[in-house]
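Visitor: I'm new to this one. Could you walk me through how to read it?

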Amino acid sequence: MPDPVIDPDLPGIWIIPGEAFTYEIDDEGNYHVAAPPQPLTVGKDGQGMVWGTVRLERIGGTEAAPIGAWRAVDTGDEWLFQADGNFLQRGSDGTRTTGIWVLDAAASTLWTREYRGQLETDGARVQFHLAADGSVTYGYTVDAGAWILLDATSWEKLVEYHRAPGPEGAAR
């Protein structure tokens, strides 16, 4: 299967003004959604950490936190943070989530972005191949500062994203 075609103006991190979430597209068309970074505090022994409001205990690995396997004390959810910046989260109910993460040591925050699917473009339409919901197609326009999704039939504007402030591209 050939690699998906991605409009070169789409990769980066996008926001909808007034929303807390970010929407990230990388050069390969991987689509991630994220809540804001959460504070991270690691215990002195490296065997426990608090991430936002979640208390985690180490269940595997010896690298510096957050790299390794962790279990949420209150829910039993398990997290595997890999050194390559990928994560796997397995809920106690059996659900699985994958994505990417970045630690900002200076700010003591951990930011995870959940993988939602793959995008491809043809210059006028963008198709989202969503892992959970199948495929959906929209019309679109994009420039350096705005990405607009349009109804694929009527071409009416549905939503407008703005490029997130800060460094260009993924924060990985």
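Visitor: Where do I start? How many helices and strands are there in the protein?

Guide: Start with the secondary structure, and keep in mind that this is a predicted model. The protein has 15 strands and zero helices.

Visitor: What does the C-alpha trace span along its principal axes?

Guide: Its spans are about 55 × 35 × 30 Å. The accessible surface is about 9500 Å², with 53% of that belonging to carbon and sulfur atoms.

Visitor: And how much of the protein is buried?

Guide: Of its 172 residues, 38% are buried.

Visitor: What about charged side chains: how many are positive and how many negative?

Guide: Count each kind, then look at where the two sets sit. Here 12 side chains are positive and 26 are negative, and the centres of the two sets are 8 Å apart.

Visitor: Let's zoom in. Where does A35 lie?

Guide: Look for the strands on either side. A35 is in the loop that links β3 (30-34) and β4 (38-42).

Visitor: Why does A35 count as partly exposed?

Guide: Because its relative accessibility is 37%, and partly exposed covers the range between under 20% for buried and over 50% for exposed.

Visitor: Which residues is A35 in contact with, leaving aside neighbours within four places in sequence?

Guide: Those are F21, W111 and T112. Take T112: 77 residues separate it from A35 along the chain, yet their C-alpha atoms are 7.7 Å apart. Across the protein, among contacts with a separation of 6 or more, 34% join residues 24 or more positions apart.

Technical notes: Residues are numbered from 1 along each chain as its sequence is written. This is a predicted model: local features need pLDDT of at least 70, side-chain atom pairs count only at pLDDT 80 or more; totals for chains, interfaces and linings use all residues. Side-chain values use heavy atoms; hydrogens and water are left out. Helices (H or I, at least four residues) and strands (E, at least two) are DSSP runs, numbered from the N terminus. Buried means under 20% relative accessible area, exposed over 50%, partly exposed in between (1.4 Å probe, protein chains only). Contact means heavy atoms within 4.5 Å. Accessible areas come from the Shrake-Rupley method with a 1.4 Å probe; for residues, only the protein chains shown count as cover. Lys and Arg count as positive and Asp and Glu as negative; His and the chain ends are not counted. The place of a charge is taken as NZ of Lys, CZ of Arg, CG of Asp or CD of Glu.
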